[in-house]
Every structure is written in C-alpha cells, then in structure tokens.
Amino acid sequence: MTVDEILDAVATAAPEIRSGLPGRRTKTDEQNVSGERQLAADVWADELLGERIGAIDGVGHYASEEREDVEQVGEGHLVAVDPLDGSSNLLSNNPMGTIVGVYDDDIPTTGRSLVAAAYVLYGPITTMVVARDGAVTEYVVEDGKRRDVGAVSLPEDPTVYGFGGRVTDWPPAVEEYVTEIEAELKLRYGGAMIADVSQVLTYGGIFAYPMLQSRPSGKLRLLFEGAPIAFIVETAGGSSSNGAMSLLDVEATSVHQRTPVFVGNDDLVDRLEARV
Ligand code: AHM
Ligand code: MG
C-alpha cells in the first residue's frame, strides 16, 4: 500500500540523511520560499526525499518547505515534507527532524485530508513517530528499518512547556499565559519543533510557536509543520490550535502559508486559546 511505502522510504532515507549531515553544515547562497537561508543539508535532504517519495506508485505530488512549487510526479496522494526541521540546530549540533504529511487531496487544503503524518527525530538515536488509522506508534530506526517500540499517548499529568519567538515580540496575552503556566511546568525549548514536540508527547505539556507582534501568523508553516504535527498530537489524545480552531480545520489558501501553532494537552491548549 502506498502509505506504507512512503513511510518505509522515509525510514530508509533517515540514516542516509543522518550520515550525510557532517559535511553539509555550510550555508548556501540560496533562500527558500519562506526567505530563510538554506543549508547544504536542507537542499540535499529535500533532493533525496523528493527522489525517493516521487518514485513511489500512488504518489501524485511532492511538496517541500524547500521548494516553491508543488511537483506532479504521478497520480495519487500528495506528500508534503519539511526535509530538515530545525536545521539551524545543525550548526550547534542539536536535534533536528524530518516531517511528512500524506494528504489525500491536493494542497492547499485542510489537515482533515491527512491520511497519515510522521516525523523522524535525529536525536541520540533515530526514532520515527507515525500517526495513522487512529493510533500513534513510535519506532526506532535501525539500518533503515522501523522497529515498533510502542504506542504513543499523551501523558495526563503534564510537566513541560516550550514557546518559540522573542518574549518581547509575543502579544501580551501569550506572555500572561506563560507567566501562569511557569508555576506548573518546566521550560524545555530547543529550537527544533520536532524535538520539542517529542518532549510534549513523552512528558505531557504544551509546545507553541505563537503569533508575534511583528508577524501575526507566526513562523511555522501550516501544511508542512502545523497540520502534520496537529494530526500526530490529536491522534495521541491531545489538542491543537491556531488560536481560534484546531489546526486541522484551518483552510489553507497558499502552499507555504504560516500559522501560529499550539499543541499539547487539552486543558493547556484550551487555556491558551481562550486568552489570545
Ligand atoms: P525550519 O523548518 O526552517 O528549520 O524552521 C522551523 C523551526 C522549528 O523547528 C522551530 O520550532 C522554530 O523554527 C525555531 O525558530 P526560532 O529559531 O525562531 O526559535
Ligand atoms: Mg520546519
């Protein structure tokens, strides 16, 4: 089945991506469509994943945070990829991820048309977390193969939070909320959404990259980051929001559009949504 083949292709590519990182920490002269300077690793991981995923029967389109245009590669699912999430962490040798959303509709669309979403976390070990058919599963990736290490569900007693953006650039309501939850939770923020969301899935809590005063739509991209992560967190028993509604209900009008992202335990997301 196509979805299995896509997930297997990502697992196969993960150790290759990882082993190619050491020589690709340099900045290129190119910017991606979101105006960010690309690293050699961003470009290379995108090419590798585009080639592998594009060759799978049943994949219709390949879309990437690193490419302006959606590419038609056949007929069937649209696969949206953030090849190296948090790639600035490559310079400081901190964790990074790869995010994959499998949509059964062409984009722009809503997260409701996701049939599966997954991320790879390049941490001390390489893991892959997959949401599909109403369940979230964690795998350890070894020799390009996925080994099931158990179901993922959000712990009920949350302990961590991580928020992106400069505090002085947050709307006052976000700052007030963070002051409130600081009494309940420990700060864990590492500059790669995937690594920070993995903390939330492991310990319970909330991750947000909120709207900023200088950038009302925040930083993260809806179809490559917000919706796939919302699909994973909601399937694991949590909530997501853009400040007004579930990230899965936000209707995209352009491929690279940005969105505020809040994901985590229901109560924590609801309280933030109520304030902003
Ligand atoms: P990227 O996919 O271009 O690397 O950007 C997304 C990353 C997220 O992983 C992370 O949450 C955020 O950008 C970090 O931004 P900042 O450096 O502003 O904290
Ligand atoms: Mg990213």
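Trainee: Is the crossing of α4 and α7 left-handed or right-handed?

Mentor: This is a predicted model. In it, α4 and α7 form a right-handed crossing.

Trainee: Which quantities describe such a pair, and what are they for α4 and α7?

Mentor: In general, one gives the angle between the two axes and the distance between them. Here helix α4 covers residues 172-181 and helix α7 covers residues 266-275. Their axes come within 9 Å and cross at roughly 145°.

Trainee: Which residues in α4 and α7 meet?

Mentor: From α4 the contact takes A173, E176, Y177 and I181, and from α7 it takes L268, R271, L272 and R275. Sorted by class, this contact has five nonpolar and three charged residues, with no polar ones.

Trainee: How does UniProt divide the chain into annotated domains?

Mentor: An unreviewed UniProt entry lists "Fructose-1-6-bisphosphatase class I N-terminal" at residues 28-141. That span is 17% helix and 48% strand. For "Fructose-1-6-bisphosphatase class 1 C-terminal", the unreviewed entry gives residues 154-274, a span with 36% helix and 15% strand. The end C-alpha atoms lie 29 Å apart for residues 28-141 and 21 Å apart for residues 154-274.

Trainee: Why is ligand 1 said to lie between domain 1 and domain 2?

Mentor: Domain 1 (2-151) and domain 2 (160-275) both contribute residues to its shell, so ligand 1 lies between them.

Trainee: Which residues come nearest to ligand 1?

Mentor: Among the 13 residues around ligand 1, the nearest are D85, G86, G164, A192 and M193. By class, the shell has four nonpolar, five polar and four charged residues.

Notes. Residues are numbered from 1 along each chain as its sequence is written. Chains are lettered from A and ligands numbered from 1 in the order in which they are written. This is a predicted model: local features need pLDDT of at least 70, side-chain atom pairs count only at pLDDT 80 or more; totals for chains, interfaces and linings use all residues. UniProt positions are given in the numbering used here, feature names are shortened, and annotations may be inferred rather than shown by experiment. Helices (H or I, at least four residues) and strands (E, at least two) are DSSP runs, numbered from the N terminus. Axes are lines fitted to C-alpha atoms, for helices over the stretch in contact, and angles run from 0 to 180 degrees between N-to-C directions. A crossing is left-handed if the near helix is turned anticlockwise from the far one by less than a right angle, and right-handed if clockwise. Two residues are in contact if their C-beta atoms, placed from the backbone, lie within 7 Å. Ala, Val, Leu, Ile, Met, Phe, Trp, Tyr, Cys and Pro count as nonpolar, Asp, Glu, Lys and Arg as charged, and the others, Gly among them, as polar. A residue is near a molecule or strand if its C-beta atom, placed from the backbone, lies within 6 Å of it. Domain bounds come from an automatic or database domain assignment.
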